[in-house]
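This briefing looks at ring pairing and at the surroundings of a few side chains. Please keep the sequence and the structure in view while reading.

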Amino acid sequence: MEWMLASIVANGLMVLAFERTMNVFFERKRTSFFIFTVSLALMWVTLMLQSWWAGNPFLLAAFYFFALAVLSLNYESVPMKRVAAVAGSHYVSMFTTGMVNNLAGLLPADWFMANVGWVVVGVCLAAYLVTILIFPLFKHIKESAINLNKLWIPFVIFPFTNTFIELFHHLNPPVVRMVLLVTNTLIIILVFLALYNIISRMFGDTVKSALHAREKEYYFTQCRLMQESVEKMKAYRHDMKLHLAALREFSSGNEAAINYLDALQSDMEANDIYSDTGNIAFDSIINYKLKNAAQNGIKTDVNVHIPPSLPIEVADAVTILGNLLDNALEGTAKTDDKRLALTVTTGKGNLYIKLENTFDGGVAYANDVITTRKDNAGHGYGIKNIRTSAEKYNGHVDIYHDDSIFTVGVLLYLTD
């Protein structure tokens with residue numbers, strides 16, 4: 001009778017410990033109080049069967065995991081997290097079994113056998129206290145929006161393999177038991193190595209994501225500052241044109257002064273805005289790169305027809321346009337016929353960029369690096385960076401040239 005009472009109390013504490021463990025993994029229940037209570041009762045009956053019925057251990061193990069699975073179904077979650085919750089509950093059960101076995105070897109045999117029921121109650125109480133005092137510290141597990149499926153896989157392997165080995169441990173001779181023990185130890189080592197590997201990769205991905213976010217913010221800030229500078233210069237030129245027109249009237253009769261003022265006004269008109277679409281990334285980089293084109297004697301033909309907003313990262317826009325324009329300006333610098341034509345258009349979810357420029361006809365190819373410099377050491381990586389950014393949008397880069405015109409076309413697919 002005493003053992004029966006101890007079993008009822010001990011298994012009741014274990015059911016409560018399992019319920020607390022489930023709360024580590026799940027945020028809210030989705031079933032009624034009645035169904036939840038029935039699930040707890042099923043778990044308690046299963047534990048009582050394990051305590052009193054010396055039947056088929058495989059069948060008892062199946063009932064045990066089935067009851068844990070039913071208990072997990074009371075909560076809203078994804079299947080993989082339910083499996084993890086069952087595994088976590090089984091870790092609590094393994095703790096109580098291990099503690100009882102260790103106490104059996106440490107305490108006097110006669111005293112232990114006489115009080116084994118209440119020893120088990122004490123261990124189950126300790127397990128329950130752990131779940132209500134320590135487990136709440138792991139509250140971020142159920143609040144996390146990160147997909148942890150890969151992390152749960154090694155987490156759930158050990159308890160299930162341990163149960164499988166324990167079942168055979170009671171059914172096989174000592175040699176087989178030793179093999180199973182070594183196998184279990186190896187599995188533990190592999191599981192923890194897998195956990196460490198997954199956590200390390202997740203940490204690395206998190207760091208990369210944070211750096212990428214900061215890089216995007218940096219690029220956008222730089223583009224915005226460039227655009228503000230262009231807007232200020234635009235307003236300044238507008239006012240200066242009015243002042244120059246007024247000075248021209250005041251200089252009536254002074255042909256030298258009039259010619260000088262006309263030349264100044266011509267230079268200012270040549271430095272007009274090249275791109276004014278409202279797209280900060282594209283406008284700023286195009287206007288910034290071409291701001292000195294007229295002074296350097298480069299004839300430009302710029303046609304940019306894009307919406308103010310595009311699903312392309314600022315960093316990629318800067319990489320593609322910046323490198324294209326840098327290469328083109330560098331190419332035109334080597335020839336007397338300085339011409340540059342840029343076209344940027346969108347259509348059917350695609351972005352197309354085409355840039356043509358005159359150059360001296362010298363092209364070198366080496367290890368997927370293309371350069372118009374005779375000494376290509378350390379050069380030509382702009383095209384590689386353009387290709388890298390284009391690949392992120394399943395795009396491609398086409399390059400073709402003759403003896404005087406170098407052309408690069410970039411096609412990006414901005415929609416699936």
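Two rings of Phe, Tyr or Trp, the last by its six-membered ring, are taken as a pair if their centres lie within 6.5 Å, and planes over 60 degrees apart count as edge-to-face. In this predicted model, a search of the whole structure finds 5 aromatic pairs.

**The pair of Phe 36 and Tyr 75**

- Phe 36 and Tyr 75 form an edge-to-face pair, with 6.3 Å from centre to centre and 85 degrees between the planes.
- Because Phe 36 belongs to helix H2 while Tyr 75 sits in the loop between helix H3 (57–72) and helix H4 (79–106), the pair ties together parts that are 39 residues apart in sequence.
- Both partners are buried, Phe 36 with a relative accessible area of 9% and Tyr 75 with one of 1%.
- Lys 29 lies over the face of Phe 36, at 4.7 Å from the ring centre.

**Tyr 64, Phe 65 and their cluster**

- The ring centres of Tyr 64 and Phe 65 are 5.0 Å apart and the planes stand at 65 degrees, so this pair is edge-to-face.
- Tyr 64 and Phe 65 are both buried, and together with Phe 18 they form one aromatic cluster.

**Ser 39 in helix H2**

- Ser 39 is found in helix H2, which covers residues 33–52, and it counts as buried because its relative accessibility is 5%, where the cut-off for buried is under 20%.
- When residues up to four places away in sequence are not counted, Ser 39 touches Val 70, Leu 71 and Asn 74.

Key:
Residues numbered from 1 in each chain as written. Predicted model: local features only at pLDDT ≥ 70, side-chain atom pairs only at ≥ 80, totals over all residues. Heavy atoms only, no water. Helix = DSSP H or I, 4+ residues; strand = E, 2+ residues; numbered from the N terminus. Buried < 20%, exposed > 50% of the residue type's maximum accessible area, 1.4 Å probe, protein only. Contact = heavy atoms within 4.5 Å. Phe/Tyr/Trp six-rings, centres within 6.5 Å; stacked < 30°, edge-to-face > 60°. Lys NZ or Arg CZ within 6 Å of the ring centre and 35° of its normal.
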